[in-house]
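Subject: The model, plus some notes

Hi,

Here is the structure I promised to pass on. Could you open it and keep it on screen while you read the rest?

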Amino acid sequence: MRSLSDIQEEYEFLEGDERYRLLIELGRELDEMPDALKTDATLVRGCSASVWVYPTGDSGKLHFLADSNAAITKGIVALVISAVQDKAAAEVAGMDIHAALEPFDLKNQLSSNRTQGVPNMIALVKDHAARIAAS
């Protein structure tokens with residue numbers, strides 16, 4: 001998976017439809033999430049599309065599997081995951097993920113129903129990281 005800074009560098013040079021294509025490409029680059037993990041327990045609430053996030057790893061290195069049934073939404077999921085993937089739980093728990101995603105200006109680039117679940121996804125990732133870091 002590409003780093004968030006690498007994605008941002010490419011994103012800044014693109015416009016409109018090219019940005020959508022980049023998001024779709026990012027979604028395709030996510031690690032495959034087995035269908036057996038796509039359950040009600042891993043479903044992110046509040047998303048217009050179905051989004052699943054499954055945390056793995058330990059306090060030293062969190063890893064997330066994620067998927068969505070919508071291509072653009074899956075790309076947004078990939079952006080969130082790239083901000084936290086393979087980082088220490090304590091680091092993720094203390095991160096301002098919203099600020100890390102600000103350069104992508106998702107609220108102005110995408111419709112509101114494409115981004116409405118992002119805060120819930122960020123909360124899920126941070127809550128998991130905080131639980132792991134505390135244990």
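First, the ground rules. This is a predicted model, so I kept local features to pLDDT of at least 70 and side-chain atom pairs to pLDDT 80 or more, while totals for chains, interfaces and linings use all residues. Residues are numbered from 1 along each chain as its sequence is written, and side-chain values use heavy atoms, with hydrogens and water left out.

**Helix α1**

Start with α1, residues 4-12, where L4, I7 and Y11 are buried (buried is under 20% relative accessible area, exposed is over 50%, partly exposed is in between, with a 1.4 Å probe and protein chains only). Helices here are DSSP runs of H or I with at least four residues, strands are E runs with at least two, and both are numbered from the N terminus. Looking down the axis of α1, the buried residues fall within an arc of 60°, so they line one face of the helix; the arc is taken from the directions from the helix axis to the C-beta atoms. Their cover includes α2 (16-29), α3 (71-84), α5 (97-101) and α6 (106-109).

**The largest pocket**

The largest pocket has a volume of about 260 Å³. A pocket is an open set of points on a 1 Å grid over the protein atoms alone, with protein on both sides within 12 Å along at least five of seven lines, and lining residues have an atom within 4 Å of a point. Points are joined across faces, edges and corners, and the volume is the space filled by probe spheres set on them.

Among the lining residues are H98, E102, D105, K107, Q116 and I122. The elements giving two or more residues to this lining are α5, α6 and α8 (118-134), and α8 has the largest share, with 3 residues. By class, the lining has 5 nonpolar, 3 polar and 3 charged residues (Ala, Val, Leu, Ile, Met, Phe, Trp, Tyr, Cys and Pro count as nonpolar, Asp, Glu, Lys and Arg as charged, and the others, Gly among them, as polar).

**Two positive phi values**

D105 lies in the loop between α5 and α6. Phi of D105 is near 45°, a positive value in a residue other than glycine, and at 32% relative accessibility D105 counts as partly exposed.

D86, in the loop between α3 and α4 (89-94), also isn't a glycine and has a positive phi of about 65°. At 34% relative accessibility, D86 counts as partly exposed.

**H63 and its neighbours**

D86 is one of the residues that H63 touches, along with D31, Y54, P55, T56, G57 and Q85, leaving out residues up to four places away in sequence (contact means heavy atoms within 4.5 Å). H63 sits in strand β2, residues 61-68. Its side chain makes a polar contact with the side chain of Q85 at 3.5 Å; that term means a pair of N or O atoms within 3.5 Å, where within protein one must be able to donate a hydrogen and the other to accept it, and residues adjacent in sequence count only if both atoms are side-chain atoms.

**One loop, buried or exposed?**

M33 lies in the loop between α2 and β1, and at 4% relative accessibility M33 counts as buried. A41 lies in the loop between α2 and β1 (51-58), but at 74% A41 counts as exposed.

Cheers

Terms used:
On a 1 Å grid over the protein atoms alone, a cavity is a set of points where a 1.4 Å probe fits but cannot get out, and a pocket is an open set with protein on both sides within 12 Å along at least five of seven lines; lining residues have an atom within 4 Å of a point.
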